[in-house]
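Colleague: I have some questions about the labels used for this structure. Can we go through them one at a time?

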Amino acid sequence: MRLRFEAGLVGPCMRCLEPADRHFDVDSREVHQPGGGDELQSPYVDAEDELDLQAWARDALALALPAQIVCRPDCAGLCPECGANLNEEPDHRHDAGPDPRWAKLSEIRFD
Ligand SMILES: [Zn+2]
Ligand SMILES: [Zn+2]
């Protein structure tokens, strides 16, 4: 058995939170041979030989999805300091100020 379909997902990009609209091609195969032993029984076919297409499609889509759904593969995401969208401001950066945990050190003077 072979199941092929295209799925569209719309939601916030996991990196920059802008709307992401992605399409995924799902192509899944299942073997089911009644009486062929456990390895030839599809988990999506029940004892009455009814195919649970919904469960199969759901699992196949879950396998086809990447771990992160982003608006585009090279999405730059958000600035970790101020949350600016780095896709819109590629030159955005912060001057590396002294880490407050080290501020006390700068007060030490060696005379
Ligand atoms: Zn993004
Ligand atoms: Zn920033």
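Colleague: Why does S28 count as buried?

Modeller: This is a predicted model, so every value is computed from it. S28 has 13% relative accessibility. Buried means under 20%. The value falls under that cut-off, so S28 counts as buried.

Colleague: Where is S28, and which residues does S28 touch?

Modeller: S28 lies in strand β2, residues 19-29. Leaving out residues up to four places away in sequence, S28 touches M1, R2, L3, W56 and A60.

Colleague: What makes the pair S28 and W56 a polar contact?

Modeller: The two side chains meet at 2.8 Å. The cut-off is 3.5 Å between N or O atoms, with one able to donate a hydrogen and the other to accept it. The pair passes, so the label is polar contact.

Colleague: Why is L53 called partly exposed?

Modeller: L53 is in helix α1, residues 53-64. Its relative accessibility is 45%. Buried is under 20% and exposed is over 50%. The value lies in between, so L53 is partly exposed.

Colleague: What about C75 and C79: buried or exposed?

Modeller: C75 has 5% and C79 has 8%. The limit is under 20%, so both are buried.

Colleague: How many disulfides are there?

Modeller: The count is 0. The rule asks for two cysteine sulfur atoms within 2.5 Å.

Methods: Residues numbered from 1 in each chain as written. Chains lettered and ligands numbered in written order. Predicted model: local features only at pLDDT ≥ 70, side-chain atom pairs only at ≥ 80, totals over all residues. Heavy atoms only, no water. Helix = DSSP H or I, 4+ residues; strand = E, 2+ residues; numbered from the N terminus. Buried < 20%, exposed > 50% of the residue type's maximum accessible area, 1.4 Å probe, protein only. Contact = heavy atoms within 4.5 Å.
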